[in-house]
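Trainee: I should like to work through this structure with you, one question at a time. Where shall we begin?

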Amino acid sequence: FSDLREIKKQLLNVAERSRERGLQHSGKWAAELAFALEPLPLNELPPPPELTEEDARDLDAYTLAKSYFDLKEYDRAAYFLQGCKSQKAYFLYMYSRYLSGEKKKDDETVDSLGPLEKGQVKNEALRELRVELSKKHKAQELDGFGLYLYGVVLRKLDLVKEAIDVFVEAAHVLPLHWGAWLELCNLITDKEMLKFLSLPDTWMKEFFLAHIYTELQLIEEALQKYQSLIDAGFSKSTYIISQIAVAYHNIRDIDKALSIFNELRKQDPYRIENMDTFSNLLYVRSMKPELSYLAHNLCEIDKYRVETCCVIGNYYSLRSQHEKAALYFQRALKLNPRYLGAWTLMGHEYMEMKNTSAAIQAYRHAIEVNKRDYRAWYGLGQTYEILKMPFYCLYYYRRAHQLRPNDSRMLVALGECYEKLNQLVEAKKCYWRAYAVGDVEKMALVKLAKLHEQLNESEQAAQCYIKYIQDIYSCGEVVEHLEVSTAFRYLAQYYFKCKLWDEASACAQKCCAFNDTREEGKALLRQILQLRNQGETSSTDVPAPFFLPASLSANNTPTRRVSPLNLSSVTP
C-alpha cells in the first residue's frame with residue numbers, strides 16, 4: 001500500500017473496464033474504494049483503454065449490443081454480438097446469454113407454485129456456455145473477465161472444485177476484479193481450504209482475506225485486517241466501515257455495531273446495502289421507533305429492494321405481526337431467490353407461527369445458499385426440538401456449534417440435546433464449556449446444577465448454584481430470573497442438611513422474597529428455629545472447599561474455586 005496514487009489509478013481503470021462489460025457490482029465496488037482515496041491531478045489520470053484492431057472492427061456491434069444489454073434485452077444483445085472476436089465483445093456476448101438464461105429461470109421460479117418445484121427450474125443456457133468456454137479455456141484464449149464468467153457457469157452447475165481453480169486463475173490474471181474474489185469467498189468453507197489456495201500476492205488479497213475471515217466467523221483476524229486497511233489510507237471507505245459493523249454484529253457486540261451503522265448512515269444516508277443487518281440489531285434491542293424510521297426511510301428510497309423488504313419484515317416481526325412479516329420476506333425472495341438473510345428470517349417467522357414444515361423448508365433453502373449460515377443450522381435444530389426428534393437436533397446443533405465454537409447458545413442447546421438422549425457426561429461438558437466461554441443467557445450453570453442434582457452430586461450442585469447467584473448479582477442488574485429462587489431453595493436445603501444453620505436461614509430468608517418459594521422458605525426457617533431451640537449446634541465440620549470435577553474442566557476452561565457466598569450483600 002506504499003503508493004496509494006497507483007492504487008487509485010488501478011481502481012479507476014478496473015471500474016471503467018467492469019462497466020464496459022456490464023459488471024455493475026464490481027464496477028461500483030472499485031469506484032467506491034477509489035472515492036475513499038485522494039483525488040488525482042489531471043496529468044495523472046489513467047488514459048482510456050487502448051483499442052486493438054479487433055475492438056475497432058467490433059465497435060459498432062458492441063456499442064449497439066451494450067445499449068440493449070443496459071435495457072436488459074439480453075437475447076437481443078447476444079444476437080448482434082454473434083461472431084465478434086474482440087475480448088470485450090465476446091465477454092458481453094457470453095454474459096448476455098448467461099443473464100438471459102438466469103432471467104428466464106427467475107421468471108419461471110416466481111410463476112412456479114411450491115418450494116418443491118423451485119429446485120427443478122434450471123438455467124438452460126449453462127451447459128452450452130460451459131462447452132464453449134471450456135474450449136476457449138483450453139486454448140488459453142480467455143482474459144480475466146472471461147475466466148470469471150467460466151467460473152460462475154461452473155459454480156452454477158455445482159462443479160465446485162473446478163470453479164475454485166478457475167476463480168484462482170482469474171484472480172492471478174486480473175487481480176483487480178473484485179467479482180472473482182467474491183465468488184471465491186462463497187466457495188471456501190473453512191480455514192483449511194483457504195491455506196491450500198495459491199493466491200496472487202497483491203493488495204487486493206488483503207481485502208479478500210478480511211472478507212473471508214468475516215464470513216468464516218474469524219472475527220478478530222478480520223477486524224485486524226480492516227484496521228490495517230484503514231491505517232493504510234482507506235479510512236473514508238464506506239465499504240470497510242460497513243464490513244466492520246457486520247463483523248461486530250457477528251460477534252454480537254451490539255452497541256459497537258449500532259454506533260458504527262449510525263455513523264455509516266450519516267456518511268451515506270441513501271445506502272441500502274447491509275441495512276437489513278442494521279435492522280437485525282435494532283430488532284434484537286427491541287428499538288421500535290428506530291426500526292420504524294429505518295423501514296419508512298428505505299421505503300422512500302427504494303421499496304423494491306431485497307434489503308428494504310427484510311427491514312419491513314423485521315419491523316412487523318417486532319410488532320408480533322408474523323404473517324405480515326413472512327409476506328415481506330417472501331417478497332424479498334421473489335426479488336432475489338438466493339438472498340440468504342431472507343430465507344433464515346422467514347424460517348424464524350414460520351417458527352413463531354408454529355408452522356414447522358415450512359420453517360424446515362426455509363432453513364434448508366438458507367443452507368443451500370450458504371452452508372456457513374449458523375443461524376439456519378441452529379433454526380433447524382430448534383425446529384426438530386419442537387418435533388421431539390433429539391437425534392436430528394443433535395446433528396444440526398453440532399453443525400451450528402462447529403461454525404460458532406464460542407457461542408454459548410449453541411453449547412446450551414447441545415447440552416439439552418444430550419440430556420434428552422440421557423448422555424449426561426456429554427451434557428455436563430457442554431454446559432461447563434458454555435459457562436467458560438461467557439454464557440449469554442446465564443442459564444448454563446443452572447442446567448449444570450440440575451444435572452448434578454439428578455446424579456445426587458449435591459456438593460457440585462451447590463457449587464454451581466452459588467456461582468450462578470454470584471454471577472446474577474455481579475451484573476448489577478437484578479434479573480427477573482425464576483431460577484434465582486430455585487438456587488436459593490436448593491442452597492437452603494443443602495446447608496440445612498450440612499447443619500450450617502446460619503447459611504441455611506440466610507438462604508431461606510432469600511426464598512421468602514420470591515412468590516414460588518415463599519412457603520418453603522418459611523417452613524425451613526421454622527424448622528431451623530425449632531432445632532436451635534432444641535440445642536442443636538451448628539455443624540463445625542464445614543465441607544472443604546470443593547472444585548468442579550476434573551472431567552468437566554475442558555483444556556482451556558480453568559476450574560474456578562468458589563468462595564462461600566456472602567449473602568448479606570445480596571438484595572434481590
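Mentor: Let us begin with a definition: contact means heavy atoms within 4.5 Å. Please also bear in mind that this is a predicted model.

Trainee: Which helices are included in what covers the buried residues of H9?

Mentor: A residue is called buried when its relative accessible area is under 20%. In H9, Ala163, Ile164, Val166, Phe167, Val168, Ala170 and Ala171 are buried. The cover over these buried residues includes helices H7 (126-138), H8 (144-156), H10 (178-187) and H11 (191-195).

Trainee: How far apart are the end C-alpha atoms of helix H9?

Mentor: Helix H9 comprises 14 residues, 160-173. The expected span is 1.5 Å times one less than the number of residues. Helix H9 should therefore span 20 Å, and this agrees with the separation of its end C-alpha atoms, which is 20 Å.

Trainee: What do the buried residues of H25 pack against?

Mentor: The buried residues of H25 are Leu424, Ala427, Lys428, Cys430, Tyr431, Trp432, Ala434 and Tyr435. Their packing partners are helix H24 (408-420), helix H26 (444-454) and helix H27 (458-474).

Trainee: What span should helix H25 have?

Mentor: Helix H25 runs over residues 424-436, which makes 13 residues at 1.5 Å a residue.

Trainee: Which residue with a positive phi follows H25?

Mentor: The phi of this residue is near 100°. The residue that follows H25 with this value is glycine 438.

Trainee: Is glutamine 140 buried or exposed?

Mentor: Most residues other than glycine have a negative phi. Glutamine 140, however, has a positive phi near 55°, and its place is in the loop between H7 and H8. Exposed means a relative accessible area over 50%. Glutamine 140 has 73%, so it is exposed.

Trainee: Is asparagine 274 buried or exposed?

Mentor: Asparagine 274 has a positive phi of about 65°, although it is not a glycine. This residue is found in the loop between helix H15 (254-267) and helix H16 (275-284). Its relative accessibility is 17%, so asparagine 274 counts as buried.

Notes. Residues numbered from 1 in each chain as written. Predicted model: local features only at pLDDT ≥ 70, side-chain atom pairs only at ≥ 80, totals over all residues. Heavy atoms only, no water. Helix = DSSP H or I, 4+ residues; strand = E, 2+ residues; numbered from the N terminus. Buried < 20%, exposed > 50% of the residue type's maximum accessible area, 1.4 Å probe, protein only.
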